[in-house]
Amino acid sequence: MSLLPPEVHSALSQLLRALTTADNEVRSQAEDQLNNDWIQNRPDVLLMGLVEQLQGAEEASTRSFAAVLFRKIASRTKKDPVTNETKELFSLLNAEQRLIIRQKLVTCLTGESLTDVRKKIGDAVAEIARQYTDGGDQWPELLGILFQASHSPESGLREAAFRIFSTTPGIIEKQHEDAVLGVFSEGFKDENIAVRIAAMEAFASFFRSIPKKSQSKFFGLMPDILNILPPLKEASESDELSSAFMALVELAEISPKMFKSLFNHLVKFSISVISDKELSDQVRQNALELMATFADYAPNMCKKDPVYAQDMVTQCLSLMTDIGIDDDDASEWNASEDLDLEESDLNHVAGEQCMDRLANKLGGQVILPATFAWIPRMMSSSAWRDRHAALMAISAISEGCRDLMINELDQVLALVVPALQDPHPRVRYAGCNALGQMSTDFAGTMQEKYHAAVLNNIIPVLDSAEPRVQAHAAAALVNFCEEAERKILEPYLEQLLRHLLQLLRSPHRYVQEQALSTIATIADSAETAFGQYYETLMPLLFNVLKEEQSKEYRLLRAKAMECATLIALAVGKEKMGQDALNLVQLLGNIQQNITDADDPQSQYLLHCWGRMCRVLGQDFVPYLPGVMPPLLAVAAAKADIQLLDDEDQIDQVEQDEGWELVPLKGKIIGIKTSALEDKNTAIELITIYAQILEAAFEPYVLETMEKIAVPGLAFFFHDPVRVSSAKLIPQLLNSYKKAHGEQSPGFADMWNKVAEKIVEVLSAEPTVDTLAEMYQCFYESVEVVGKNCLSQEHMQAFIESSKSTLEDYQTRVKLRLEEKAETDDADEENLDYEYAVEDDQNLLSDMNKAFHTIFKNQGTSFLPAWQRLLPFYDAFITSSDPTQRQWALCIMDDVLEFCGDQSWNYKDHIMQPLAAGLQDENAANRQAAAYGVGVAAQKGGALWSDFVAASIPSLFQVTQHSQSRTEENVFATENASASIAKILHYNSSKVQNAQEIVSNWITTLPITYDEEAAPYAYSFIAQLIDQQNPAVISNAVKVFGYIVQALEAETLQGQTAVRVANSAKQLVAATGINADQILAGVNPDNQAAIRSYFQ
């Protein structure tokens, strides 16, 4: 029964017809009427009318369109006139209207006979269900209706019920879990394929929504789920099998252990699908994806399976031979100019990517033997596709198998290098690919040990007849050269550049572009050694940049700009002479002539200006007025965000590169990430200008700070923008300070506003690793502004934010421990867990640096605000987590170092932790505690003297650790040594048996790693020599040797080094020891420098 008068339905029917007409003008008028009349003035009538159209319209197309329109309009947002909140239109209806509409929707759903229309009605029901769930409201009868529908004799209704579960799993509450278990079990066994698949997809969606502790009660469904698969394969139902695999992928991501008991069966079945060439490529790739997902989320389960690794590698290699069909001689491939052709859906690409994942997740011990069981055979095969696949496999696994492969490079190169002379161009291409990848993955070793094998064999490939092989050889050289030292490249420069210059004459533009990129990389690595080729190359590049060129040559010119500016950086301003200014003029001309938004030259220019600023330094200042406006415009860009209403819009955006789709409350938001990446790049370049030009950059500081840097801290659409903004702020402050001085009123005013904003962001930043960057921004800014730059208000606000950060940290730690306790998969490494712990460690470290910097600049004035955090220190110092103990110890060290005798007020929070810290099993904590005892001796005054003297035995214990000189322990050892020296120097009156302790202390030297600790220890040595203390006189050879070691290690530098060396000369004169003999042991490269101290 209709609740609306006939005239309303008549008007609405007319509107629906007009909205679906092919006549653009009529449709446009109808859209205006819909938006400005119906939606604006009577949304309740519109929604009710659409539901009644669903009930009453005879034409299926009308019912279908009414369902789609209802879903869209119900989710439109509008301000609630009562609360002023933004709400969705359906939520704004009164309770009675909402009740009637949902009842009518359910009636339509159960009464509709056409599958397509029913699906759209189901989508509308799901949308309304989502709104109820998101609003914390109830649609109590829906679950019962869906349970009932899932038992309907009509398969279409059963499928619709599961589709609704799939999109809104939140409607299933905890108390219904047992009931839903039976519903899913029946769904998995349904006679209809579409229902079984819908049940799988619904279960995956539901399973993702439940807490981990509830998951295990559903594990028993796994046999029913997996039993769905074999009949689909037997019937060659590729599409349905494809969907089933994707549902399993989702389950494997959430809880791989639910597959544990049946894993081997699933592996064998999936392998049979991957290897079945009668099935579609899509279903084979989805089966591969499922298996790769287990490698990602349950690597140990895969390692333990008897067939997984070998079978997966075999199938990947087989897929990788599925290439170049109908193009056996590669003529079509070689003729293609489109090198960015989208190939991600091809079997050979899927195989390569999977090999990469397997190697990275399972490691070389598992994947290397499985792969090399095939590689030598494939390399000697007469079929080029086998040889190609073998080489691409080496490229794919080299990163993940690095630790093992690095010791076998001789054998690997013996397979790869001959491929550079293979008769088939695609094999030569793959050989270049393998060498390029290996140059990156084995960076250092490849360049130092195998430069001759790589360069002498790849340079001739630049002369290949096929342009694609030429370009790829040049690309592989980029990988090799960017990791190569100047001395390695120097002998090959002439040969390399002769061939690359030849490529610049290629008729193929992409070959020329690649040659320019390779030359640029070589210049960057060869540095000043590139100078001898400057006169040959730079005029060629100038010619390219001067020519008026058509649109298709824009990228070539962009690469020429990149190449020219990298050469400029390599050879320097003096070598360039007038060319440096001419190049800047050329870049300016190009910038003025850019008119199209998609011109690649714009992006390249941003970086080119940055390089020329580095080259010219202060001489770059006159060009800023031309460079800065476009850069500031990109840096100030707002986020490009679109609400995507329908599938067509979503498909369109998915096809465009540079967009990210984000689901939000039943809608899809499109964010143009490419524009955000440009914004981030622009901010990074402004940072470079401010850093290099300092005071000369001042004219741009205020605008940049106000419009870009400070708003950028809260730019929540893109984490990198917030990070780059945080790095920019200290540089801008420094520029202004250098221009006006730290006492200028403008500087103080700017800092007050900026400080307030940074502190505000510290409690608002949602991402842990970015929050660490915000703390870094704060302490670097305080360092720039200097002493006493923070008011009590600033410090109290900072502590409030820090308190919030620490509370959030404690919550995360608690949740992680709970989750870890819940997972019984102790044998699986949880990388997410490890990354989260690492992010938190970095956050605590940057917080520490912030506290250190504030104490350093504010001294005791920080104590009133800081002491509000004492409960956190007390909790952290007794924690079982060494990171927390270290965090607390380091801040207590700062109190001792910067608050003098006022630190005694906190003795009850400091003494016991320092004493315990000296015994800590963690070396970093022993180091922090040892340092703290030393600063207490040096800065704490008389009140601390008894405590530090009593700490001497524990400090000796630190230096006597069984592995005191290993990399892990040496800093603790050296800090303990320096602290004993500080106690003996500043508190000697409290030390019993001081002479005995001095004699023992000398044996704790040398200090050759810690540049902060060394000056204290060696200044004390100099003092002992000046006093002719018997401990140094009787150990003169050792003491002189320790001084020489510190000078060679450069832990002693500047005036301290000179003073200590002079005392060492006195020691030699007083004792007659053979100094030459000791100095002869110094590394020959350092002999002259060390001997100069003793002339």
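1. In the protein chain, residues 24 or more positions apart account for 73% of the contacts that have a separation of 6 or more. The model is a predicted one, and every value in this note should be read with that in mind. The secondary structure of the protein chain comes to 61 helices and five strands, and its C-alpha atoms fill a box of roughly 115 × 75 × 65 Å when this is taken along the principal axes. Of the 1095 residues in the protein chain, 53% are buried.

2. On the side of H2 the contact is made by Leu34, Trp38, Ile39, Gln40 and Asn41, while H3 contributes Pro43, Val45 and Leu46.

3. Salt bridges come next. Side chains of opposite charge can pair when their charged atoms come close. A search of the whole structure finds 47 salt bridges. One of them joins lysine 575 to glutamate 535, with the closest N and O atoms 3.4 Å apart. Because lysine 575 lies in helix H35 (residues 573-576) and glutamate 535 in helix H33 (residues 534-546), the pair ties together parts that are 40 residues apart in sequence. Lysine 575 counts as partly exposed, at 37% relative accessibility.

4. Another salt bridge links aspartate 840 with arginine 816, and here the closest N and O atoms are 2.9 Å apart. Aspartate 840 belongs to helix H46 (residues 831-858) and arginine 816 to helix H45 (residues 792-822), so this pair ties together parts that are 24 residues apart in sequence. Are these two partners buried or exposed? Aspartate 840 counts as buried, at 2% relative accessibility, and arginine 816, at 14%, counts as buried as well.

5. A further salt bridge is formed by lysine 990 and aspartate 946, whose closest N and O atoms are 3.4 Å apart. This pair links distant parts of the chain, 44 residues apart: lysine 990 is in the loop between helix H54 (970-986) and helix H55 (994-1002), whereas aspartate 946 is in helix H52 (residues 945-950). At 40% relative accessibility, lysine 990 counts as partly exposed. Elsewhere, salt bridges that share partners join Glu88, Glu127, Arg130 and Asp134 into one network.

6. How many disulfides does the model contain? The count comes to zero. Cysteine 563 is in no disulfide, for the nearest cysteine sulfur, that of cysteine 608, is 10 Å away, and a disulfide would need the two sulfur atoms within 2.5 Å. Cysteine 563 is buried, with a relative accessible area of 0%, and cysteine 108 is also buried, with a relative accessible area of 6%.

7. Two prolines deserve a look. Proline 629 has its place in helix H38 (residues 624-635) and is partly exposed, with a relative accessible area of 47%. Its C-alpha atom is separated by 9.8 Å from that of tyrosine 700, although proline 629 and tyrosine 700 are 71 residues apart along the chain.

8. Finally, the backbone angles of two glutamates are worth checking by eye. Phi of glutamate 694 is near 50°, a positive value in a residue other than glycine. Glutamate 694 is found in the loop between helix H40 (673-693) and helix H41 (701-712), and this residue is partly exposed, with a relative accessible area of 28%. Glutamate 1050, too, is a residue other than glycine with a positive phi, in this case near 65°. The place of glutamate 1050 is in the loop between helix H58 (1036-1049) and helix H59 (1054-1071), where, at 48% relative accessibility, glutamate 1050 counts as partly exposed.

Key: Residues are numbered from 1 along each chain as its sequence is written. This is a predicted model: local features need pLDDT of at least 70, side-chain atom pairs count only at pLDDT 80 or more; totals for chains, interfaces and linings use all residues. Side-chain values use heavy atoms; hydrogens and water are left out. A salt bridge is a side-chain nitrogen of Lys or Arg within 4 Å of a carboxyl oxygen of Asp or Glu. Helices (H or I, at least four residues) and strands (E, at least two) are DSSP runs, numbered from the N terminus. Buried means under 20% relative accessible area, exposed over 50%, partly exposed in between (1.4 Å probe, protein chains only). Contact means heavy atoms within 4.5 Å.
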